[in-house]
Amino acid sequence: MLSRLASQRLIEVRQAFRLSSQVYRSFSTALNYHIDGPDNNPDLPWEFSEANKAKVKGILSHYPSNYKQSAVIPLLDLAQQQHGGWLPVSAMNAVAKVVGAAPIRVYEVATFYSMFNRSKVGKYHLLVCGTTPCMICGSREIEGAVLKHLGAERNEVTKDGLFSVGEMECMGCFVNAPMIAVADYTNGSEGYMYNYYEDVTTQRVVEIVEMLRKGEKPPVGTQNPKRIMSGPEGGNTTLLSDPKPPPCRDLDAC
């Protein structure tokens, strides 16, 4: 009897893991493949504007002529700014032509870095940190609350064009997990900026969305009123004074 129950439980666990892996694999794969569409296919003409062609020359001037491929990242960023905050495949092909690389080399860069958007995004592109510490602290719940509130799916732009939600890996502030970044394109793609909101909760992230909808500027950094930046709640309990100099060195003589 017990062995039968254990066997059944093992089957259920395996099925759960198989289902979850399929779901997250679909999220991951969506970041790495391209399907031609009417507004995103290699047959659509794309080139840098006259103003940006001068910037292209400036960017290339930072690198030796035989290392032009090193300019792929800043050129992709420039192309994304020109194209309204996202990169169609024809723009990537244009960058590949500029640096003299095979298009696949540019695709590899564009699919690796999460700051490059390969589909249309909203004026506010919300990126939820998906790295392990943030996931442990509830980033999936944060994402779920945002998507439910907006009535949208991941990487889908809301009907009013204001919001889209994606994922970013490692925002470099695990001590304040979970956190989100908001790419703000309200001043145009050339004047975009990233704002980071830390220690968010399912309630606070919805409040941030509504503040952005009203054109307000939510305070960046930790959203926990009991913390100052990355300090502990209630203030520091250690390192309350200047550190003592090491006894083995005369710092005044330096």
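Author: Let us begin with handedness: a crossing is right-handed if the near helix is turned clockwise from the far one by less than a right angle, and left-handed if anticlockwise. In this model, which is predicted, α4 passes α5 in a right-handed crossing.

Reader: Where do α4 and α5 lie in the chain, and at what angle do their axes cross?

Author: Helix α4 spans residues 89-99 and helix α5 spans residues 103-112. Their axes cross at roughly 120 degrees and come within 8 Å. Angles of 65 to 115 degrees count as roughly perpendicular and those over 145 as roughly antiparallel; α4 and α5 are therefore oblique to each other.

Reader: Which residues of α4 and α5 meet?

Author: From α4, the residues are Val89, Met92, Asn93, Val95 and Ala96. Their partners in α5 are Pro103, Val106, Tyr107 and Ala110. By class, this contact holds 8 nonpolar residues, 1 polar residue and no charged ones.

Reader: How do the axes of α3 and α4 cross?

Author: Helix α3, residues 72-82, has an axis that comes within 10 Å of that of α4, and the two cross at roughly 140 degrees. The pair α3 and α4 is therefore oblique as well, and α3 passes α4 in a right-handed crossing.

Reader: Which residues of α3 and α4 meet, and how do they divide by class?

Author: Val72, Leu75, Leu76 and Ala79 of α3 meet Ala91, Met92, Val95, Val98 and Val99 of α4. These residues comprise 9 nonpolar, no polar and no charged.

Conventions
Residues are numbered from 1 along each chain as its sequence is written. This is a predicted model: local features need pLDDT of at least 70, side-chain atom pairs count only at pLDDT 80 or more; totals for chains, interfaces and linings use all residues. Side-chain values use heavy atoms; hydrogens and water are left out. Axes are lines fitted to C-alpha atoms, for helices over the stretch in contact, and angles run from 0 to 180 degrees between N-to-C directions. Helices (H or I, at least four residues) and strands (E, at least two) are DSSP runs, numbered from the N terminus. Angles under 35 degrees count as roughly parallel, over 145 as roughly antiparallel, 65 to 115 as roughly perpendicular and the rest as oblique. Contact means heavy atoms within 4.5 Å. Ala, Val, Leu, Ile, Met, Phe, Trp, Tyr, Cys and Pro count as nonpolar, Asp, Glu, Lys and Arg as charged, and the others, Gly among them, as polar.
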